[in-house]
Amino acid sequence: MYKYEIRHKSYIKDENRFQKTFIWGMTTATIMNGKVEITLAELIESKFLRCSKCNQIYQDPRILPCLHTFCKNCIEEISHDAPVTTNQENSIDRLQCPICQSFIGIPGEGATTFPENPFLSNLLNIHEYKHPKERKCDYCSFDGKKTSAEYLCLDCNDDMCSNCSDAHRRTKITRNHSVIPFKQIQNGLYDHDMRSHQARPCTKHDDQLDFFCEICEILICPQCKNEEHDSHKSIKFDDALPRYKRHINGLLEGIQGRIPSIADYVKYLKSYENSLKESKQKLTENLEAQSNTLHQIIDNYKSEMLANISQKCEAELADLETKSNNLEIAGKSLQDNATYLQYLLHHG
Ligand SMILES: [Zn+2]
Ligand SMILES: [Zn+2]
Ligand SMILES: [Zn+2]
Ligand SMILES: [Zn+2]
Ligand SMILES: [Zn+2]
Ligand SMILES: [Zn+2]
């Protein structure tokens, strides 16, 4: 029989490990995109972008340490659904992930402060552009005008109307920017360009996460690098990527290796359940049959005994009747004799 132990993680107490898992979540999904042979376009339209709690397209997706993601509001609901409080040692409030049932410590600032899932947020951003919705020109809105946008600059991440996009293409600084019409985004021509232009902003500073701190194993921005990670060894994001992709691939293979045996175990449990049900059915039927046989034997014995008793009683009764008749006749005869003898004494 297989034996499994699925360990539930609760990393939240350790900020660094939490961050680590958070980054892995991003990269694993990227690798999955290449390995599972799902195109970016398919991934964007798949249920991957749907929250399993509300079944809607994610709204502000937040990732839990178990790597499951929910809308920010859904996480808050989950934390109310199952107010699993107090972990005896340090009484941290916990919630239970509805997918993997892991217990997860809620950050001190509340359930809504779980980190954003940047990988999903970026895919959602592409999804938003691919599904037509009225958008306004960012530049015209500086002048208080509300003009419909028709173009997106991938470099500035700004929406533009036709006039502003023309102007954008003429300035020295923005001349080489990739300005693309919404229509072509909707046709799926720019999925990969949009993805490769997406930013990795630092949550603490107004800068990009272009470095990887090898000590803390998290992405950092140039400012982080000079401040809190000053004495740590860090490498450029692009150099860290191949190495960590290899590492993640190893982890992924380990996980994928376990999936078939878990499936086998589930199959085994199912067949065990079926054979248990069959055994129960057979035992019930046997017991029923045995009980019927026993009842039959008892009924037969009872009938036989009743017939026997009845027969004996009848014979006995008949005998008694004969004897009683004979005695009656004898009694009458004696009475006659006595009467005769009395007549003889008085009158003879
Ligand atoms: Zn949701
Ligand atoms: Zn989970
Ligand atoms: Zn405009
Ligand atoms: Zn631009
Ligand atoms: Zn930073
Ligand atoms: Zn560091």
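Student: Is Asp-60 buried, exposed or partly exposed?
Tutor: In this predicted model, Asp-60 counts as partly exposed because it has 16 C-beta neighbours inside 10 Å, where buried stands for 20 or more other C-beta atoms within 10 Å of a residue's own, exposed for 12 or fewer, and partly exposed for what is in between, with C-beta atoms placed from the backbone. Local features here need pLDDT of at least 70 and side-chain atom pairs count only at pLDDT 80 or more, while totals for chains, interfaces and linings use all residues, and residues are numbered from 1 along each chain as its sequence is written.

Student: Where is Asp-60 found, and what is its phi near?
Tutor: Asp-60 is found in the loop between α2 (40-45) and β1 (61-63), helices (H or I, at least four residues) and strands (E, at least two) being DSSP runs numbered from the N terminus. Its phi is near 50°, a positive value in a residue other than glycine.

Student: And what about the phi of Glu-217?
Tutor: Phi of Glu-217 is near 55°, again positive in a residue other than glycine, and Glu-217 lies in the loop between β8 (211-213) and β9 (218-220).

Student: Switching topic, which residues touch the most other members of the largest nonpolar core?
Tutor: Cys-137 and Met-160 do, out of 30 residues, a nonpolar core being a set of buried Ala, Val, Leu, Ile, Met, Phe, Trp, Tyr and Cys residues joined through C-beta atoms within 7 Å. The largest share of this core, four residues, comes from α4.

Student: What does Met-160 touch?
Tutor: Not counting residues up to four places away in sequence, the contacts of Met-160 (C-beta atoms, placed from the backbone, within 7 Å) include Cys-137, Tyr-151, Cys-153 and His-168. Apart from this core lies another, of nine residues, with Cys-213 and Ile-218 among them.

Student: What's the strand order in the open sheet of three strands?
Tutor: The order is β6-β5-β7 with antiparallel pairing, and two strands pair if DSSP finds at least two bridges between them. β6 (158-160) and β7 (179-181) stand at the edges with a single partner strand each, so one side of each is left without a neighbour in the sheet.

Student: How many bridges join β5 and β6?
Tutor: β5 and β6 pair over three bridges in the antiparallel sense, and Leu-152 stands opposite Asp-159 in β6.

Student: Last one, which residues does His-197 contact beyond its neighbours within four places in sequence?
Tutor: His-197, which is found in helix α8 (residues 191-197), is in contact with Leu-154 and Asp-155. His-197 and Asp-155 are 42 residues apart in sequence and 6.7 Å apart in space, C-alpha to C-alpha.

Note on methods
Chains are lettered from A and ligands numbered from 1 in the order in which they are written. Two residues are in contact if their C-beta atoms, placed from the backbone, lie within 7 Å.
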